[in-house]
Amino acid sequence: MQILKVHLKKIKTERGLDTAVIARSTPGLSGADIANLVNEAAVYASKCNDDQVGARHFEYARDRMIMGAPRKSAVILPESRKITAYHEGGHALVALFTPGANPLHKVTIIPRGMALGMTVQLPEMDKDNYTRKEYLAMLDV
């Protein structure tokens with residue numbers, strides 16, 4: 001969180017931006033990776049003609065770093081979208097009802113990279129060790 005705050009000093013952010021959520025979504029990233037995330041978010045905000053960087057800009061930047069840019073030119077058939085939606089919905093339901101699973105953050109069927117969709121869970125805090133229950137929940141989801 002402290003490294004993120006150092007890099008955030010260089011940009012104008014929206015009032016009330018929850019830096020804790022952003023920090024939780026960056027486990028294992030180096031300082032350089034976090035600097036890149038902040039830069040990507042600022043570039044995206046600029047492309048959107050926004051004068052401040054907000055949560056949606058950080059979401060876009062994180063997704064772009066992890067999964068690649070959205071495949072806007074991809075032609076996805078309606079049946080394939082429906083199957084992807086059911087698939088990701090299944091992950092989401094299992095995550096919601098499995099004891100020990102990390103909280104859901106985002107579910108999408110926007111194709112990025114090689115993926116047709118994604119279910120994102122954010123840990124409530126950085127952890128080095130997990131309980132058996134948490135490992136089983138990861139396997140379930």
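## The largest pocket

In this predicted model, the lining of the largest pocket divides into 14 nonpolar, seven polar and two charged residues. The space within this pocket comes to about 420 Å³, and of the 23 residues that line it, those closest to its centre are P27, V120, Q121, L122 and P123.

Three elements, α4, β2 (118-121) and α6 (132-140), each supply at least two residues of the lining of the largest pocket. Among the contributors to this lining, β2 gives the most, with four residues.

## The second largest pocket

The second largest pocket has a volume of about 240 Å³. Of the 14 residues that line this second pocket, M1, A23, R24, T26 and D126 are the closest to its centre, while α1 and α2 are the elements that give two or more residues to the lining. By residue class, the lining of the second largest pocket divides into nine nonpolar, two polar and three charged residues.

In soluble globular proteins, nonpolar side chains tend to be buried together. In the present model, the largest nonpolar core has 13 residues, and the residues with the most contacts inside this core are L4, I22 and F58. Each of α1 (2-8), α2 (19-24), α3 and α4 supplies at least two residues of the core, and the largest share, five residues, comes from α3.

What does L4 touch, once residues up to four places away in sequence are not counted? The partners of L4 are then T19, I22, A23, I34 and V38.

Leaving aside neighbours within four places in sequence, T19 is in contact with M1, L4, K5 and L8.

A42 lies in helix α3 and is partly exposed, with a relative accessible area of 23%. When neighbours within four places in sequence are left aside, A42 is in contact with I11 and V53.

## Salt bridges

Side chains of opposite charge can pair when their charged atoms come close. A search of the whole structure finds six salt bridges, including one in which the side chains of R64 and E40 meet at 3.5 Å, N to O. R64 lies in helix α4 and E40 in helix α3, so this pair ties together parts that are 24 residues apart in sequence. Both ends of the pair are partly exposed, R64 at 33% relative accessibility and E40 at 23%.

Another salt bridge joins D50 and R56, where the closest N and O atoms are 2.6 Å apart. D50 counts as partly exposed at 29% relative accessibility, and R56 is partly exposed as well, with a relative accessible area of 46%.

In a further salt bridge, the side chains of R62 and E59 meet at 3.0 Å, N to O. R62 and E59 are three residues apart in helix α4, so about one helical turn separates them. Is R62 buried or exposed? With a relative accessibility of 5%, R62 counts as buried. Salt bridges that share partners join E59, R62, D63 and K106 into one network.

## A positive phi at N49

Most residues other than glycine have a negative phi. N49 has a phi near 60°, a positive value in a residue other than glycine. Where is N49 found? The position of N49 is in the loop between α3 (31-47) and α4 (55-67), and N49 counts as exposed because its relative accessibility is 70%, which is over the 50% limit for that class.

Notes:
Residues are numbered from 1 along each chain as its sequence is written. This is a predicted model: local features need pLDDT of at least 70, side-chain atom pairs count only at pLDDT 80 or more; totals for chains, interfaces and linings use all residues. Side-chain values use heavy atoms; hydrogens and water are left out. Buried means under 20% relative accessible area, exposed over 50%, partly exposed in between (1.4 Å probe, protein chains only). A salt bridge is a side-chain nitrogen of Lys or Arg within 4 Å of a carboxyl oxygen of Asp or Glu. A nonpolar core is a set of buried Ala, Val, Leu, Ile, Met, Phe, Trp, Tyr and Cys residues joined through side-chain atoms within 4.5 Å. Contact means heavy atoms within 4.5 Å. On a 1 Å grid over the protein atoms alone, a cavity is a set of points where a 1.4 Å probe fits but cannot get out, and a pocket is an open set with protein on both sides within 12 Å along at least five of seven lines; lining residues have an atom within 4 Å of a point. Grid points are joined across faces, edges and corners, and a volume is the space filled by probe spheres set on the points. Ala, Val, Leu, Ile, Met, Phe, Trp, Tyr, Cys and Pro count as nonpolar, Asp, Glu, Lys and Arg as charged, and the others, Gly among them, as polar.
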